[in-house]
Amino acid sequence: MELNNTKTLETPVPLNEFNLANSGCLPTEKFSVVLHGWIQSCSDEWAIELIERLSFYRRGCVICIDYSTAASSSYMRLYSNFDHITEVIVSILVSLFRYGFDPSRGFMFGFSFGGQLASAVGRALQPHFTLQNIDTCDMAGPGFDPIDVDHSKAARHVQCFHSSRDKGTFIYSCHRNIMLGSCGLSQPSIASQSHLGSHGLCVDIYINTFDYPFYALSTPPSECLTFSKVAKIPNHYTVGYEEDFNKQITGKVYVPTSLHYPYNLSKRELRILFGKN
């Protein structure tokens with residue numbers, strides 16, 4: 001399937017030269033990898049929308065790795081297969097690199113359980129291969145916390161969005177930890193989007209950052225307690241996918257969200273609510 005002159009490949013198995021050649025993906029291009037979560041697949045609406053955004057804004061080859069056969073089982077059964085799924089995804093990426101793709105031009109995105117996979121895969125590829133960027137959305141906490149993992153080791157630049165207290169991790173070891181909504185613990189829009197919950201809203205918000213500005217606060221809200229590094233935020237800084245990661249902005253970044261789609265707040269609304277920015 002081709003989207004906006006960008007090749008998209010959905011694969012449930014390790015790649016080989018035949019299906020890579022037939023995908024239209026070229027080793028000279030940038031590539032992106034998308035990893036879904038539990039009870040999901042590459043056919044989910046958010047995955048299709050993200051593939052479209054990456055195809056338009058980043059371009060290159062977009063690969064969605066579909067492990068829905070395993071993800072359709074109970075969460076604990078899926079969790080018990082975490083290491084095996086990680087190994088399979090590692091083998092897929094290694095086959096890409098052997099085919100000629102450059103890991104320094106690689107980007108990986110993972111949501112929930114897929115976020116934990118993205119980190120584990122990136123770390124397993126070391127020291128032979130280092131991906132350039134990894135973004136995760138509300139990386140799963142159940143089964144993984146409180147094991148202290150250094151997610152920053154997964155790629156040169158690792159950016160993690162946090163949106164819920166019940167399903168997301170409390171390990172904030174990415175280079176940049178973006179705390180969405182109320183301290184990264186809940187989203188005000190669950191009032192109108194209760195079927196998604198604060199966890200599910202994370203990918204909707206991430207996708208919307210491609211098209212709408214989500215402004216970061218210059219200082220954390222008073223109700224957000226933190227014992228870790230808070231990023232120094234320049235004026236008018238917005239969060240989302242970054243082609244060129246700003247290495248000066250690391251630590252926690254606080255980004256209020258709104259009640260209604262597309263869930264961002266204007267500069268004027270931020271000044272009214274927080275008296276800043």
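Student: How many cavities of 30 Å³ or more does the structure hold?
Tutor: The model is a predicted one. The largest cavity has about 40 Å³ of space in it. At a threshold of 30 Å³ or more, the number of cavities in the structure is one.

Student: Which strand gives the most residues to the lining of the largest cavity?
Tutor: The lining consists of Phe107, Asn133, Ile134, Asp135, His157, Gln159, Glu242 and Phe245. Two strands, strand 6 (133-137) and strand 7 (157-162), each supply at least two of the lining residues. The largest contribution is three residues, and it comes from strand 6.

Student: How do the lining residues of the largest cavity divide into nonpolar, polar and charged?
Tutor: Among the lining residues are Phe107, Asn133 and Glu242. Over the whole lining, the division is three nonpolar, three polar and two charged.

Student: Which residue lies over the face of Phe245?
Tutor: Phe245 is one of the residues lining the largest cavity. At 4.0 Å from the centre of the Phe245 ring, the residue over its face is Arg176.

Student: What kind of aromatic pair do Phe31 and Phe101 form?
Tutor: A search of the whole structure gives 22 aromatic pairs. In the pair of Phe31 and Phe101, the centres are 5.7 Å apart and the planes are at 85°. Planes over 60 degrees apart count as edge-to-face, so the pair of Phe31 and Phe101 is edge-to-face.

Student: How many residues apart in the chain are Phe31 and Phe101?
Tutor: Phe31 is in strand 3 (residues 31-35), while Phe101 is in the loop between helix 5 (82-99) and strand 5 (106-111). Phe31 is buried at a relative accessible area of 1%, and Phe101 is buried at 2%. The pair links distant parts of the chain, and the separation is 70 residues.

Student: Is Phe129 buried or partly exposed?
Tutor: The ring of Phe129 pairs with that of Phe97, with centres 4.7 Å apart and planes at 40°. Phe97 is buried, with a relative accessible area of 9%. Phe129 has a relative accessible area of 25%, and buried means under 20%, so Phe129 is partly exposed.

Student: How far apart are the sulfur atoms of Cys25 and Cys61?
Tutor: A disulfide is a covalent bond between the sulfur atoms of two cysteines. The structure holds five disulfides, and one of them joins Cys25 to Cys61. In this disulfide, the distance between the sulfur atoms is 2.0 Å.

Student: Is the link of Cys25 and Cys61 right-handed or left-handed?
Tutor: Cys25 is buried at 2% relative accessibility, and Cys61 is buried at 0%. The angle about their S-S bond is 70°, and the link is right-handed.

Student: Is the link of Cys160 and Cys174 right-handed or left-handed?
Tutor: The sulfur atoms of Cys160 and Cys174 are 1.9 Å apart. With -75° about the S-S bond, this link is left-handed.

Student: How many residues apart in sequence are the parts tied together by Cys183 and Cys224?
Tutor: Cys183 and Cys224 are joined by a disulfide with an S to S distance of 2.1 Å. Cys183 lies in the loop between strand 8 and helix 7 (197-208), and Cys224 lies in the loop between helix 7 and strand 9 (251-255). The separation of the tied parts is therefore 41 residues.

Definitions and conventions. Residues are numbered from 1 along each chain as its sequence is written. This is a predicted model: local features need pLDDT of at least 70, side-chain atom pairs count only at pLDDT 80 or more; totals for chains, interfaces and linings use all residues. Side-chain values use heavy atoms; hydrogens and water are left out. On a 1 Å grid over the protein atoms alone, a cavity is a set of points where a 1.4 Å probe fits but cannot get out, and a pocket is an open set with protein on both sides within 12 Å along at least five of seven lines; lining residues have an atom within 4 Å of a point. Grid points are joined across faces, edges and corners, and a volume is the space filled by probe spheres set on the points. Helices (H or I, at least four residues) and strands (E, at least two) are DSSP runs, numbered from the N terminus. Ala, Val, Leu, Ile, Met, Phe, Trp, Tyr, Cys and Pro count as nonpolar, Asp, Glu, Lys and Arg as charged, and the others, Gly among them, as polar. Rings of Phe, Tyr and Trp (its six-membered ring) pair if their centres lie within 6.5 Å; planes under 30 degrees apart count as stacked, over 60 as edge-to-face and the rest as tilted. Buried means under 20% relative accessible area, exposed over 50%, partly exposed in between (1.4 Å probe, protein chains only). A charge sits over a ring if NZ of Lys or CZ of Arg is within 6 Å of the ring centre and within 35 degrees of the ring normal. A disulfide is a pair of cysteine sulfur atoms within 2.5 Å.
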